[in-house]
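The stops below proceed from one selection to the next.

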Amino acid sequence: MNSEQQYIDLFRQCRTMIDSHSAPVLNALREQAFQDFLQQGFPTQKVERYKYTDVPAAFAPDYGVNLNRLDIPVNPYEVFKCDVPNLSTSLYFMVNDAFYSKIQPAVALPEGMIVCSLHEAAQQYPELVARYYGKQARTGKDALNALNTMLAQDGLFVYVPRGVVAERTLQIVNILRSDVDLMVNRRVLIVLEDNAEARILFCDHAADDRSFLTTQIAEVYVGNNARLQLYELEETHVKNKRFGNLYVDQQADSNVSLNTITLHNGLTRNRSEVTLSGERAETNLYGCVIADKQQHVDHNTLIDHRVSHCTSNQLYKYVLDDQAVGAFAGRILVRENAQHTVSNERNANLCATKEARMYAQPMLEIYADDVKCSHGSTVGQLNEQALFYMQQRGISREEAQMLLRFAFAGEVIDCIAIDALRDRLHHLVEKRFRGELSRCSGCKICK
Amino acid sequence: MMLEIKDLHASINGKEILKGINLTVNPGEIHALMGQNGAGKSTLSNVLVGNPAYEVTSGSVTFNGKDLLAMKPEERAHEGLFLSFQQPVEIPGVSMVNFMRAAINAKRQYHGLEPMSAGDFLKMMREKRKIVELDSKLANRSVNEGFSGGEKKRNEIFQMAMLEPTLSILDETDSGLDVDALRIVAEGFNKLRTPETSALVITHYQRLLDYLKPDIVHVLLGGRIVKTGGPELALEIENKGFDWIKAELED
């Protein structure tokens, strides 16, 4: 019953080992995180934000944790073949929570830009990292933030200095690799200073047929007039559990778009929290979920409009088959002085079977009096009239269903701004619906 | 004969609409089906193409010697049956190109042919589009989405041109069309006619029949065909309505 105990024991027993393999900037927050975890424990489903995912159950099994930083032998370039042709990216790998630094992309980054291991960054640029690390993902308000901060030793650091434009998309491939069931606590810190621009694509893959439990806390800072496109593509397997908390803080005139695409997974809970701190900032959140069997995908969003003249837009679509469970809880908070806010939220879901379940909870809280906001959600089945129309033209019912599902999900994929990635995802989604993407397509072992 | 309907009874939601239809269509013939609202015209067309909302309770339909009622809707299409829908359905997110390619290739597969190459397919789209003066932009849009009423009906005839059916059912294809759209639709249909193709044209108005020149005109009343005649019957109905036919029946 007490899922917390093993993590508490682990921390108490291994504190010295954790610290010795980690940088002071990260170690500085551990004690407070531990106290916060002790106090909160895992959130039960009685906690509104965690209503749709059973966290204690997910954390109950005994997973190995690589606190001693043993080198896990892998050559990611052999394991992973890039799944997005015609997309020239600066390709990096994360193996579990560790940045793979043995091979670096041939094309140099723009002057001053940093892409490296968080561990390394915390040693080389301690002041820079300390300025941002743990500032948004506060441990007192979320037990998973606390747990991750207690245990995290490494992760990714991306820094784009003032005015620098990263022309090439950064592609970060997260590979889960282990010979035993493994827990991974990964940290991501992304900083775009004023007028900076970047596109970052995360691809989650599991390279071993093991149970994985990942907590990933990502903190993103977007300066004045900076632009960021963030893509997260999950193609793992049914034994993978992912808990991702993403925090974005946007300054004036900045623009962020976040696309989260879940093609294959076990259990996924993504919390995305965007704070619009500067006027005229715009944020766009898109989510596309395709789930079947007993897969579980839970998106929980908060857009916090703190100042006036900001725009936010959310579109999340789910296609659920078999006994899959989907959840979307999206909260828009328009604070008292956030006048002239424009905010839209739309969640549309297809339940293809009677057993598939969708929990939808669009939420809009407005404390300002001059705003334009909308929120809504639909859950439905495929349009029978459209199916018959297609059948009359000679398209089999099965193929017609495929075309309708593909079209339904396609609306979100169309929001991807990178042409090659968009085309590829249309292709992957089609393959996924045809059952040809049985696990993930990028890994050698899955082929 | 191409189509033979014998004593067909059908119902929707338990209510019997067709109460014993008998109708024979030979290759090359155009039959007009007239009648007041609720007479069963659209029910007949829906039953023929296999709309699952309708239930056939008795009777038989053979199409080119095969049992039509035993076939799935898509098989009926492959065998050469086409319905121009009274209300064409909008399908957001499915482009006309993908829709038509799926339809054409499904038919080719049914007849043991290889899928059409992308080049040949697009060429065919271009040629057939001209028949109903359909804008190239419409062909790249989602099926019927954002089309005007006239565009939707032209799109039906465009699909007919692509699929080359042997028996087409036009279910009030003229309804709501302006003068030019009606001419384009009717002329488009006539361009597709061959001595082997037949049609069943459901309409309330003579104007479409002026263009299509039916060989035989039937009047449907209360789920039965109560009168059959030549083209002059349609003119008579245009002038006098249906009451005189009802009166005839009562005598």
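Two residues are in contact here if their C-beta atoms, placed from the backbone, lie within 7 Å. Helices (H or I, at least four residues) and strands (E, at least two) are DSSP runs, numbered from the N terminus. This is a predicted model, in which local features need pLDDT of at least 70 and side-chain atom pairs count only at pLDDT 80 or more, while totals for chains, interfaces and linings use all residues. Residues are numbered from 1 along each chain as its sequence is written, and chains are lettered from A and ligands numbered from 1 in the order in which they are written.

**Stop 1: two helices of chain B**

Select helix α4 (residues 118-131) and helix α6 (residues 149-163) of chain B. Their axes (lines fitted to C-alpha atoms, for helices over the stretch in contact) come within 9 Å and cross at roughly 135 degrees; angles run from 0 to 180 degrees between N-to-C directions. That makes α4(B) oblique to α6(B), a word for what is left when angles under 35 degrees count as roughly parallel, over 145 as roughly antiparallel and 65 to 115 as roughly perpendicular. Show the side chains of M124(B), K128(B), R129(B) and I131(B) in α4(B), which meet F158(B), A161(B) and M162(B) in α6(B). By class, this contact has 5 nonpolar, no polar and 2 charged residues. Ala, Val, Leu, Ile, Met, Phe, Trp, Tyr, Cys and Pro count as nonpolar, Asp, Glu, Lys and Arg as charged, and the others, Gly among them, as polar.

**Stop 2: the sheet of chain B**

Next, display the open sheet of 6 strands in chain B, whose order is β6-β9-β10-β3-β11-β12, with mixed pairing. Two strands pair if DSSP finds at least two bridges between them. The edge strands are β6 and β12 (224-229) of chain B, each pairing on one side only. From one strand to the next, the twist averages 20 degrees. Helix α6(B) packs on this sheet and touches β6 and β9 of chain B; its direction makes about 170 degrees with that of β6(B).

Which residues of strand β6 (residues 81-84) of chain B point one way, and which the other? L81(B) and L83(B) point one way, F82(B) and S84(B) the other, and all are buried (20 or more other C-beta atoms within 10 Å of a residue's own, C-beta atoms being placed from the backbone; 12 or fewer is exposed, and in between is partly exposed). β6(B) pairs with strand β9 (residues 167-171) of chain B in the parallel sense over 4 bridges, and L83(B) stands opposite I169(B) in β9(B).

**Stop 3: the sheet of chain A**

Move to chain A, where 10 strands form an open sheet with mixed pairing, in the order β3-β2-β6-β8-β10-β12-β14-β16-β18-β20. Its edge strands are β3 (98-100) and β20 (372-380) of chain A. Select α10(A): this helix lies across β14 (282-291), β16 (311-320) and β18 (342-351) of chain A, at about 155 degrees to β16(A).

**Stop 4: where the chains touch**

Finally, select the contact between the chains, which takes 16 residues from chain A and 20 residues from chain B. On the side of chain A that touches chain B, α9 (384-392) and α10 (397-413) of chain A each supply at least two residues. That side has 7 nonpolar, 6 polar and 3 charged residues. The axes of α9(A) and α10(A) come within 9 Å and cross at roughly 125 degrees.
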